[in-house]
Amino acid sequence: MISILLLSFFAMGESHVHGVVRDSASREPLVGAVVQVVGTKIGSVTDHHGAFHLHDVTTDTTLIDVRYVGYAIKRATLFAPYTNSVEVLLGMGESNNARVLKGRNPDGPDLQTQPVIVTADVLSSAGMHTQSQTVLTETELRENSGQNFSAALTEIPGVTTIQTGPTVQKPIIRGQSGNRIVINNNGINQEGQQWGTEHAPEIDPFTPMRIQVVKGAAGVVYGPNALGGIIRSEPSPLDVYEKLSGEASVNLFTNNQQGAVGGYVQTGGVLGKPLAIRVYANARRAGSSSAPEYSLQNTAFGSWSGGLYTTFGNNDLGGWATLSEFQTTLGIFSGSHIGNPADMQRAIERGNPVTNPEFSYDISNPKQEVQHTMFSGQFHNYIKNFGTLSVTYGWQRNNRSEYDAHNLRIIGRGDNPDERAADSIARLNNALQTPAMNLVLVTYSLEAKLEHRLNDVTSGSIGVNALRQSNSRGGSVALIPDYLLYGVGGYVLENSMIRNVQLSAGLRYDVRWLDARLDVLGSTQQTIKNNLYTSFSGALGAQTQLTDNLRLSANVGSAWRPPQVNELYSNGLHHGVATYEIGNAELQAERNINADVTLHINTSDVQCEVSGYATKYFGYIYTKPLPNNPTTTVRGTFPTYVYTSNNAWINGVDFSATAELTTVISVSAKGSVVRGTTTEGIPLPLIPADRLRLSVHAHAHDVWLAHDAYVEVGVSGVRRQDQYLDSSDYAPPPPGYILTDLKFGATIDVFDKPVFVGLSCSNLFNHRYRDYLNRFRYFADDAGRNFTIRFSVPFH
């Protein structure tokens, strides 16, 4: 249920409404709830304290809608105030509409000390209701806009990234990434070549959206691969009778001289029907990044995205559909492509690039070009006394091309040496403009789900889904084979409240067929390898309110995933990370057993969450470096990694805490500790190092002409990764580091338009450092100081 605490007051002749959105059962503030005045663009998104505020609420009677992920939309009526500051209590039954009395009731008792409560039934969730979930709102994404999708997620404790230079980042949840995390985008699981550590999610955070992260196994709803957690991004709410409105944004960056622009336009009531449409487009271009003491050659990038989102009908009968396109070209740091073993060893020992080139927007080989096209749509129908039945269809096409910095020696054609030399150069240049590897992945998905309520305390969902996926490759490098994948699965998930304990339980069964076409060495023929994998996933969870300010939740579950095609059959140069990878066809399905406990503390001044977790893996699949055996090819010499498996443990602690020192100033701390080892005690590679962030945040609702003004100073510390086996890598983990960042912003009324202006600086003191999870740490430092200026202007 949702609880809303409303405070109203008048200031400078302008009516403001401030409030807090809470879960009425747990009293926890709900982050990312959308509060909007119906029929206007006046709205707000709740912050980490669950707080929101509405400006210019001047009518005698005002309707507001409250939306939150996993809850039904609720509508409340605000009446003109009788006093400057009041609180009122209102309970709701089964109705979707509420009357919220704002002010003192002249005919009744003094209601000044009672909160206004709007309740809503939980319909669905990204995971089980008892799991740790965090929402990044549009406001938070706007304050950090310009970052890539994965970098935006690092605001959440326990979420880090693995990098491939300054241009590519992938999310890690509690030490697990890639094929152990599911990204659900626009209602369907995002399907790209996610097996590559340099294959970033093809999602633009500039797009109007909200992002939800669930930490812990979520395989019951989202199927195989959701061993470590899920990331769900969904479009911002769009009312079917929305008036014409939109927003334009501009971001500017100093380090790589990036410029980014984006915007959207939306309207409802199309043709007088309950139909709304949103059209959006974004573009960015960045030059080469700079470390504190030198430029990082060939790290420029560019991208654009666009799409259409539409909703129709109502909660009883309706749906939505979306079509999107994302394209990007990414330069790969030139210093990572080395000619021979001796040069590679010297480059690692030297630690810095040989050259310090001038800044450039040019992108040359090695590089990546990625295009991701997606369509998804859902139709739902409420069936009385039965539940809501929904059907979701998805289609995706991912086209990835990787270009080599080197190529085969091409012998020229001609009657004399000059002609042959000229022909050789021309054909070599042409070859370098042809992808060394091209992968086209096409995925079809279908899901049918019934969300039901058995009684007043028990609700859940039953679903079935199917998947078809094909991969076609081209180019001279055959890193992974062509393959065809089919999958079917079904699940049931139920949630129930017994006294003050909320219980969740789920069970799922999946079947996966993988048919891979392998090249026969020395022949043009292929052999087909058939693989069949089947297994169950299950989860149990409980949550209870120990006291008014203390809540405890616990979960235990088991999930699995079949080995991916790259883990089974890789055998070639992986250009994006400049490594030679060798698969293992004997690998078996990977399974884990996960348990976590989370303690939530929530008082009027302090919010704290501490989670401890332990995960046992059976057949944990990972890449093991061979530091004494780099691979030399006609394209150069590269670090060699082989796929292997072992039983393993991944354990850790996440925590976050915020304390309000005054009504304006708060301090926060968040951090994570992760340990990953085989059952023999050998540290696993690419496990995040211990990290801690401390920050001071000052916020004022109104400062002169500025609304929602804030200033934040943060200090982040990362320890050296000391969970490391000597001689197990090409270079030992780099030292730990401390970085300082600063950001401030406000909304300013310009010609009656609320314009958001923000300024931030990362690595404020331009500190030299290398992150253990940067795959190019062998050759260069991470990026230096970066100032970012952000503008966004709504219109209606």
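1. Tyrosine 617 and tyrosine 620 are both buried, where buried means under 20% relative accessible area, exposed over 50% and partly exposed in between, with a 1.4 Å probe and protein chains only. Tyr617, Tyr620 and Tyr622 make up one aromatic cluster. Rings of Phe, Tyr and Trp (its six-membered ring) count as a pair if their centres lie within 6.5 Å; planes under 30 degrees apart are stacked, over 60 edge-to-face, and the rest tilted.

2. A word on what you are looking at: this is a predicted model, where local features need pLDDT of at least 70 and side-chain atom pairs count only at pLDDT 80 or more, while totals for chains, interfaces and linings use all residues. Residues are numbered from 1 along each chain as its sequence is written, and side-chain values use heavy atoms, with hydrogens and water left out.

3. Back to the rings. The whole structure gives 8 aromatic pairs. One of them joins phenylalanine 375 and tyrosine 393, a tilted pair at 6.4 Å centre to centre with 50° between the planes. This pair links distant parts of the chain, 18 residues apart: phenylalanine 375 sits in strand 22 (residues 367-383) and tyrosine 393 in strand 23 (residues 387-403). Strands (E, at least two residues) and helices (H or I, at least four) are DSSP runs, numbered from the N terminus. Phenylalanine 375 is partly exposed at 32% relative accessible area, and tyrosine 393 is partly exposed at 35%. As for tyrosine 617 and tyrosine 620, their ring centres are 5.0 Å apart with the planes at 70°, so that pair is edge-to-face.

4. Now the inside. The largest nonpolar core has 22 residues, and Leu479, Ile480, Tyr483, Leu568 and Tyr569 touch the most other members. A core here is a set of buried Ala, Val, Leu, Ile, Met, Phe, Trp, Tyr and Cys residues joined through side-chain atoms within 4.5 Å. Strand 24 (437-453), strand 26 (482-498), strand 27 (501-519) and helix 6 (565-569) each put in at least two residues. Beyond its neighbours within four places in sequence, tyrosine 483 is in contact with residues including Leu441, Leu514 and Val565; contact means heavy atoms within 4.5 Å. There is also a second, separate core of 15 residues, with Leu141, Ile156, Ile181 and Ile183 among them.

5. Valine 673 is worth a click. This residue lies in strand 37 (residues 665-678) and is partly exposed, at 33% relative accessible area. Not counting residues up to four places away in sequence, valine 673 touches Tyr613, Asn651, Gly652, Val653 and Asp690. Valine 673 and leucine 692 are 19 residues apart in sequence, with their C-alpha atoms 8.9 Å apart in space.

6. Some backbone spots to check. Most residues other than glycine have a negative phi, and most peptide bonds are trans. The bond from asparagine 365 to proline 366 is cis, with omega near 0°, and proline 366 falls in the loop between helix 4 (341-350) and strand 22. Leucine 686 has a positive phi, near 60°; its place is the loop between strand 37 and strand 38 (691-703), and leucine 686 is partly exposed at 24%. Asparagine 763 also has a positive phi, near 50°. That asparagine 763 is found in the loop between strand 41 (753-762) and strand 42, and with a relative accessible area of 6% asparagine 763 is buried.
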